[in-house]
Amino acid sequence: MWPLDKLGVTSSGENRMPSVRDLRDRIKSLKNTQQITKAMKQVAAAKIRRAEAARKQAQPYADALGEMLRDLMDAVGSIDHPFMRPGKEGAPRGVILMTADKGLAGAFNSNVIREGERYAREGGGVVWYAVGNKARGAVRRMHAEAGFSESLSANEKLALAQDVAAKVTDDFNAGKISEIVLVSSRAVSVMVQRPEARVLVPVAKDATEKKEEQKGPRAEVEFAPSPEAVLTRLLPKYLEFTIYSAMLETDAAFYSAQLIAMTNATDNAGKLLDDLTLAMNKARQAAITKEMLEIVGGAEAQAG
Amino acid sequence: MPAKTIPFRLITPVAVAYEGDAELVIGVGTEGEEGILASHAPFLTALRPGILRANVVENGASKRLEFATSEGFMQALPDRVIVLVDSAQAADQIDRGAARADLDAALERQKQLTPQTAEYAREQSIIDFANARLTLAHADH
């Protein structure tokens, strides 16, 4: 049951039942709210489909890029690329904090932000790179150093991913940050989103080689001009694309979270409406009964 | 008798820009143009911004395709050829005004930068891609 005094239907000052009119007003406004949450739910459902389609479109690129990277990692003996070396010691860590631009999606954004803060507490300083309006706000509230700050939906995602990648790469190469970490939401399933921190740079060599055993030996690959030279160009692309694909995932996960939040809100409003309607009927019945008693009482007094 | 073909895919992060069977794919590699025919040995190279050419077979007829592409990679595998780029535009998709604007903006930014730096190279890549688009759009009209 819903305690009525917590619903803002407390009677004016006195300790009496809310009047029929109070309840009717309350029901009306709640119905409006329910309509809004229902509409947002439908919009979220439509946007999930669009976000999922965008992710699907990026899949062939992801597959091909991953395969090229595996071939390259197999071929290079040792490579002297900044991304393969440990970052500058003592420098703060660079954390890309990625959230959605909007709220009303349950704990979606705050979960990501909390994961970022948890990561930051592990020690050493942190330079934040905020992507998404909620992340920007969080970084501002922390009064922390922000190396970058941009909203997610106002820009073309691929260009934005390139900007972010360029910025973190420059800072990493200049020794301003010691590693590049991405904190964003992973879409575990349509129903479950989980924030995750991933170290993107320095690149762990074994992270790209997981599936190698099952594949068996591949034909000797020829590289032009050399595997090292190609890898030097591929690693920054890989960073860019990882950030881009995290943006697409954040989008999809956000709308899933919003769909769930708005479904719950609509259901809760429905339950609340039922309770309020019952309370209103009771109050009306009580008023009628009271009036009848008064009439009867008055009639008896006249007769007597 | 048409030449032997190999499945060819031109892929960007946003979409698969072209998919079909190619007789020959020519990309502008970092070391110069590289052509790939069917049954090429496994091969991987980085591409500079430029014009990617492919002879493809559509409905039994040979056809020549041209795309202005940004930097990327070209990979030949025993069973397919893959080109990965950030952006690929056929002549009829090119917005000349946008290409011109990109070119001017990048040239302007590059003036402030020192050669041999990552920032400079990044602007150069934008300049080259814009030039490739303008060249291709120009050749088409």
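## Terms and basis

Two strands are said to pair if DSSP finds at least two bridges between them, and the strands themselves (E, at least two residues), like the helices (H or I, at least four residues), are DSSP runs numbered from the N terminus. As a general point, strands of a sheet pair through backbone hydrogen bonds, either parallel or antiparallel.

This is a predicted model, in which local features need pLDDT of at least 70 and side-chain atom pairs count only at pLDDT 80 or more, while totals for chains, interfaces and linings use all residues. Residues are numbered from 1 along each chain as its sequence is written, and chains are lettered from A and ligands numbered from 1 in the order in which they are written.

## Chain A and its sheet

Chain A has six helices and six strands, and along the sequence these elements follow the pattern α-β-α-β-α-β-α-β-β-α-β-α. Of its 304 residues, 35% count as buried, where a residue is buried if 20 or more other C-beta atoms, placed from the backbone, lie within 10 Å of its own, exposed if 12 or fewer do, and partly exposed in between.

Five strands of chain A form an open sheet in the order 3-2-1-4-5, with mixed pairing. Strand 3 (146-150) and strand 5 (193-201) of chain A are the edge strands, since each pairs on one side only, and neighbouring strands of this sheet are turned by 20° against each other on average, direction ignored. Within the sheet, strand 1 (residues 93-98) and strand 2 (residues 126-131) of chain A pair in the parallel sense over six bridges, and the bridge partner of Ile96(A) in strand 2 of chain A is Tyr129(A). Helix 6 (residues 227-303) of chain A packs on the sheet, touching strand 1, strand 4 (180-187) and strand 5 of chain A, and its direction makes about 35° with that of strand 4 of chain A. For such values, axes are lines fitted to C-alpha atoms, for helices over the stretch in contact, and angles run from 0 to 180 degrees between N-to-C directions.

## Chain B: elements and extent

Chain B contains two helices and nine strands, which run β-β-β-β-β-β-β-β-β-α-α from the N terminus on. The C-alpha trace of chain B spans about 55 × 35 × 25 Å along its principal axes. With 141 residues, a compact globule would have a radius of gyration near 14 Å, and the 16 Å of chain B agrees with this; the radius is taken over C-alpha atoms, and the globule rule is 2.2 Å times the number of residues to the power 0.38.

Several strand pairs can be followed in chain B. Strand 2 and strand 3 (residues 32-37) of chain B run antiparallel and are joined by six bridges, with Ile26(B) standing opposite Gly35(B) in strand 3 of chain B, and a hairpin of two residues links strand 2 of chain B to strand 3 of chain B. Strand 4 and strand 7 of chain B also run antiparallel, joined by five bridges, and the bridge partner of Leu47(B) in strand 7 of chain B is Gly72(B).

## Two domains in chain B

An automatic or database domain assignment provides the domain bounds, and for chain B it gives domain 1 (6-90) and domain 2 (92-140). The C-alpha centres of domain 1 and domain 2 of chain B lie 21 Å apart. Their contact takes ten residues from domain 1 of chain B and ten residues from domain 2 of chain B, two residues being in contact if their C-beta atoms, placed from the backbone, lie within 7 Å. On the side of domain 1 of chain B that touches domain 2 of chain B, the elements that give two or more residues are strand 5 (50-58), strand 6 (61-69) and strand 9 (88-90) of chain B.

## Where the chains meet

Between the chains, 24 residues of chain B are in contact with 26 residues of chain A. The elements that give two or more residues to this side of chain B are strand 2 (16-29), strand 4 (43-47), strand 7 (72-77), strand 8 (80-85) and helix 2 (118-140) of chain B, and the largest share, four residues, comes from strand 4 of chain B. By class, this side of chain B has 15 nonpolar, five polar and four charged residues, where Ala, Val, Leu, Ile, Met, Phe, Trp, Tyr, Cys and Pro count as nonpolar, Asp, Glu, Lys and Arg as charged, and the others, Gly among them, as polar.

Strand 4 of chain B is mostly covered, with four of its five residues buried.
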